Amino acid sequence: MTLSSSSRPDILIIGGGIAGSGLATVLARAGFGVTLIERSPAFRDRIRGESIHPWGVREMDATGLLDVAISRADARVLPFWTKYQDRAPGDPYRWCDDFPDALGELSVQHPRLQDALLAEALGRGVTVLRPASVLGINWPEGRPEVDISLGDTVTTLRPKLLVGADGDHSLTRKALGGKGVTDAPHHAIGGALLTGFDLPDDSAHQALFDGGFAMVFPQSCGTSRVYYVCSNLEAESLRSSDQPQGLLARLQRVVPDGTASTLESAGPVGFFPNSETLASVAHGPQTVLIGDAAGSNDPSQGHGLSLVFRDIRDLTDRLRDTYDWSMVPQAFASARARDHGVLRAHAQWVAPLVVGHGPEIERRREQVARAREQDPSAGGFAGIFATGPESLVADESARQHFHGEDL
Ligand SMILES: Cc1cc2nc3c(=O)[nH]c(=O)nc-3n(C[C@H](O)[C@H](O)[C@H](O)COP(=O)(O)OP(=O)(O)OC[C@H]3O[C@@H](n4cnc5c(N)ncnc54)[C@H](O)[C@@H]3O)c2cc1C
């Protein structure tokens with residue numbers, strides 16, 4: 001790859017994950033000159049997001065990336081959501097009955113979606129530098145300047161706009177003088193890729209148990225992505241037991257009898273804190289962060305990729321709308337922080353209710369159940385997975401209403 005034609009791209013994106021390659025594709029389609037830097041030579045299963053909530057699917061559709069996910073990564077729409085209590089299924093919930101524009105969850109293997117979006121970006125004329133390392137980022141005279149090493153070549157790129165899509169440990173954020181500020185973990189989330197579930201493949205499955213829940217998302221290729229949300233204590237004991245047998249045995253005890261008798265592991269097993277991370281700095285001169293680099297959502301709530309697609313849509317709209325991009329980073333970052341703040345507040349309200357024990361939690365659950373009888377929408381928050389955060393305000397009165405403290 002020669003760099004001479006791309007040393008002054010309109011937009012330089014650091015990070016070719018779903019945020020970076022998705023944004024590159026959409027911006028290239030809009031006619032911008034885009035260069036993208038990815039450091040890894042190949043994507044692998046790191047146990048990341050593989051189910052996208054209906055509001056994120058709507059954002060994907062708005063940018064044209066839903067078609068790419070379905071046609072190139074075999075993504076599957078799951079129009080139903082089925083809950084299990086004490087291993088017994090409830091009636092499958094169909095998203096579009098309450099939210100006519102909601103297709104459902106989108107289930108897709110993360111590395112396949114990364115590959116598909118990067119291939120799409122290349123096909124749209126994006127200059128992809130991979131594997132390449134960023135040696136340094138500076139802002140002489142208020143313009144970004146990025147030193148890159150690609151094979152034997154070291155070069156400097158001076159884009160009109162720099163986008164950091166370089167994940168949770170963002171180098172771009174660090175170069176801006178920022179850091180990730182991570183909440184204390186409240187609970188844990190385990191993940192595995194499995195075959196052998198005998199459950200309907202047009203539904204997401206949520207098996208509730210005392211102290212947490214398991215999620216099963218069927219995929220097109222016969223695998224299912226499984227998340228297991230539990231207390232830190234239980235995660236610690238599972239971590240120290242033999243895997244995948246330890247997790248498989250737990251799953252078999254929470255889903256209906258006979259639906260998980262032939263489970264086999266098809267990928268790594270891992271356990272992670274549910275912590276949310278905020279970026280202390282999310283923009284700079286002609287520079288902006290998106291995706292996890294701009295802050296990551298509690299993975300047990302699963303809004304991370306929806307936020308990514310929201311970022312892609314919102315940033316593209318802002319860049320299209322004006323020739324003067326100097327105000328775009330700040331305006332984008334502040335709208336992003338607001339939306340992420342709503343998701344974070346909701347995650348904090350929900351956490352003790354789903355992964356908590358004891359009489360006080362029980363009392364709160366009962367109060368919330370009474371509140372839902374009065375207002376099933378919970379002031380709009382009950383629909384957050386379908387509507388997203390944009391129209392919601394997570395202030396103190398919304399919190400009280402959610403918990404039924406205003407009854
Ligand atoms: C256990 C777990 C479960 C989750 N489940 C869900 C879920 O069900 N649904 C959901 O929506 N979200 C989920 N998420 C969140 C979701 O996976 C993330 O929000 C999403 O992957 C973020 O994408 P990204 O592109 O911003 O970052 P990343 O996926 O981290 O991509 C960053 C990219 O930048 C590259 N990079 C980094 N530094 C550099 C550098 N210096 N130079 C060049 N390249 C660089 C990396 O190699 C990588 O390819 C989950 C997260 C976890 C941890």
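Colleague: Where does P131 sit?

Modeller: P131 is in the loop between β9 (127-129) and β10 (133-138). Helices (H or I, at least four residues) and strands (E, at least two) are DSSP runs, numbered from the N terminus.

Colleague: What kind of peptide bond joins R130 and P131?

Modeller: That bond is cis, with omega about -5 degrees. Another cis bond runs from Q243 to P244, where omega is near 10 degrees. P244 lies in the loop between α7 (232-239) and α8 (245-252).

Colleague: Before we go on, what am I looking at?

Modeller: This is a predicted model: local features need pLDDT of at least 70, side-chain atom pairs count only at pLDDT 80 or more, and totals for chains, interfaces and linings use all residues. Residues are numbered from 1 along each chain as its sequence is written, and side-chain values use heavy atoms, with hydrogens and water left out.

Colleague: OK. What is the phi of A378?

Modeller: A378 has a positive phi of about 50 degrees although it is not a glycine. A378 is in the loop between α11 and α12 (384-387).

Colleague: Buried or exposed, that A378?

Modeller: A378 counts as buried because its relative accessibility is 2%. Buried means under 20% relative accessible area, exposed over 50%, and partly exposed in between (1.4 Å probe, protein chains only). Q286 also has a positive phi of about 50 degrees without being a glycine, and Q286 is buried at 17%. The place of Q286 is the loop between β22 (283-284) and β23 (287-289).

Colleague: Switching to rings. How many aromatic pairs are there in the whole structure?

Modeller: A search finds 8 aromatic pairs. Rings of Phe, Tyr and Trp (its six-membered ring) pair if their centres lie within 6.5 Å; planes under 30 degrees apart count as stacked, over 60 as edge-to-face and the rest as tilted. One of the pairs is Y93 with W95, edge-to-face at 5.5 Å centre to centre and 75 degrees between the planes. Y93 is partly exposed at 28%, whereas W95 is buried at 7%.

Colleague: What about F217 and Y227?

Modeller: F217 and Y227 are edge-to-face, with 6.0 Å between centres and 65 degrees between planes. F217 lies in strand β17 (residues 212-218) and Y227 in strand β18 (residues 223-230), so the pair ties together parts 10 residues apart in sequence. Ring pairs link W81, Y93, W95, F217 and Y227 into a cluster.

Colleague: And which ring does the charged end of R372 sit over?

Modeller: The ring of F402, 4.8 Å from its centre. A charge sits over a ring if NZ of Lys or CZ of Arg is within 6 Å of the ring centre and within 35 degrees of the ring normal.

Colleague: At what angle do α11 and α13 cross?

Modeller: Helix α11 (residues 359-374) and helix α13 (residues 396-403) cross at roughly 95 degrees, and their axes come within 7 Å. Axes are lines fitted to C-alpha atoms, for helices over the stretch in contact, and angles run from 0 to 180 degrees between N-to-C directions. The two helices are therefore roughly perpendicular; angles under 35 degrees count as roughly parallel, over 145 as roughly antiparallel, 65 to 115 as roughly perpendicular and the rest as oblique.

Colleague: Which residues of α11 and α13 meet?

Modeller: R364, Q367, V368, A371 and R372 in α11 meet H401, F402 and H403 in α13. Contact means heavy atoms within 4.5 Å.
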